[in-house]
Number of protein chains: 2
Amino acid sequence: MIRLYTYFRSGTSHRVRIALNLKGLTYEQVPVHLVKGEQQQEPYRTLNPQGLLPLLEDGAARVSQSLAIIDYLERTHPEPRLLLEDAAGEARVRSLALICACEMHPLNNLRVLKYLKNPLGLDQAARDAWCRHWMEEGFAALERRLTGELETGRFCHGDRPTVADICLVPQVVSSARWGTDLGPYPTVRRIHEACMELEAFARAMPANQPDAE
Amino acid sequence: MIRLYTYFRSGTSHRVRIALNLKGLTYEQVPVHLVKGEQQQEPYRTLNPQGLLPLLEDGAARVSQSLAIIDYLERTHPEPRLLLEDAAGEARVRSLALICACEMHPLNNLRVLKYLKNPLGLDQAARDAWCRHWMEEGFAALERRLTGELETGRFCHGDRPTVADICLVPQVVSSARWGTDLGPYPTVRRIHEACMELEAFARAMPANQPDAE
């Protein structure tokens with residue numbers, strides 16, 4: 001039995017939901033309310049001492065950090081593959097995924113936005129500008145690579161979705177909150193649309209979760 | 001022939017140097033001056049359209065993003081292993097590494113510090129406080145896990161270094177720049193010291209690089 005501790009609007013939970021759906025795995029969702037701070041309170045805090053979402057339980061195994069969870073699912077349920085079989089292809093999709101995971105998402109999550117508000121005293125407009133700045137830098141980097149590299153296909157790498165698409169889609173979805181203009185990134189938009197035609201991606205959307213508000 | 005585009009003080013370059021050393025691989029260093037902005041200029045920008053360090057060239061393969069590089073090295077040079085052979089162990093060391101890679105480093109790198117200064121107008125003291133805040137959150141999370149989980153040994157996982165230690169050490173090293181007090185994190189400090197007794201870690205230190213200033 002797989003159990004996912006999740007919040008509908010959490011971008012990292014969103015990644016894992018897509019991965020589980022692509023693997024065809026059934027799982028139980030346990031909602032943890034991020035805005036109410038439940039991730040920092042018991043009983044969740046004992047399960048995940050870092051107090052962040054998501055967390056996957058699979059029998060005795062308990063895995064935190066979305067990318068570690070996706071690698072764990074790849075090990076325990078290899079098909080269909082979310083990574084590539086060749087070392088160079090795997091490196092490429094990992095590096096694309098990490099643009100989202102290390103250079104975009106960490107700068108616009110709830111904890112960071114809270115710190116910008118207090119103690120830094122930034123108003124809503126300045127906080128939104130901060131988010132848009134890092135979204136634009138990241139999408140520009142993704143667009144340059146996706147247009148310049150021959151391996152790009154219908155999806156980020158060839159004709160089936162990989163971990164790169166799993167990270168791209170939640171980033172596109174969350175970027176809309178800050179009014180990010182995706183006009184300059186046509187390849188990012190095209191791939192996002194291709195993903196959204198797949199049931200695994202559509203079903204993982206925030207609005208389709210049991211805890212959606 | 002392996003070539004690493006690197007900067008002595010870049011924490012992500014530091015990770016890859018440790019991994020290359022642990023694998024016993026020889027490599028050529030090509031310094032790219034981060035503070036002068038060479039990573040955003042030609043000729044480097046053509047090699048890595050994202051304009052960030054590090055970048056690994058291995059024959060025809062070109063890999064960006066430090067964690068993708070480490071996974072690539074693990075695939076192409078499996079021994080000694082930097083991940084674990086069992087799925088649960090691999091998930092654990094990946095999740096520890098990602099605390100540094102996704103929750104600590106992205107918030108205190110040069111690009112972010114520049115934005116805090118301009119346009120946000122934060123002075124040096126406020127920028128240092130920002131860095132210390134995220135270092136303290138991250139180290140506290142690492143300390144809770146490392147003290148609470150039975151798999152912790154001489155290193156983050158058992159008695160040989162893994163990708164978790166590869167990410168921990170550069171984070172400890174860079175945290176000193178902002179006056180982070182490591183007193184509350186005795187396990188983090190103990191593991192850092194155990195790592196520094198290994199030649200692979202000592203040789204990878206910023207001060208020991210050809211481009212050190």
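Me: What makes the crossing of α6(A) and α5(B) right-handed?
Reply: In this predicted model, the axes of helix α6 (residues 124-148) of chain A and helix α5 (residues 110-117) of chain B cross at roughly 145 degrees and come within 12 Å. Axes are lines fitted to C-alpha atoms, for helices over the stretch in contact, with angles from 0 to 180 degrees between N-to-C directions; helices are DSSP runs (H or I, at least four residues). A crossing is right-handed if the near helix is turned clockwise from the far one by less than a right angle, left-handed if anticlockwise. The crossing of α6(A) and α5(B) is therefore called right-handed.

Me: Which residues of α6(A) meet α5(B)?
Reply: Among them are A:Trp130 and A:His133, and they meet residues including B:Val112 and B:Tyr115. Contact means heavy atoms within 4.5 Å.

Me: Why are the two copies said to be related as by a two-fold rotation axis?
Reply: A rotation of 180 degrees with 0.0 Å of shift along its axis superposes chain A on chain B, at RMSD 0.0 Å. The two copies are thus related as by a two-fold rotation axis. Superposition is by least squares on the C-alpha atoms of residues with pLDDT of at least 70 in both.

Me: Which residue of chain A comes closest to the rotation axis?
Reply: A:Cys102 does, its C-alpha being at 2.6 Å. As for the surface, 100% of the contact residues of chain A recur in chain B.

Residues are numbered from 1 along each chain as its sequence is written, and chains are lettered from A in the order in which they are written. Local features need pLDDT of at least 70, side-chain atom pairs count only at pLDDT 80 or more, and totals for chains, interfaces and linings use all residues.

Note on methods: Side-chain values use heavy atoms; hydrogens and water are left out. Helices (H or I, at least four residues) and strands (E, at least two) are DSSP runs, numbered from the N terminus.
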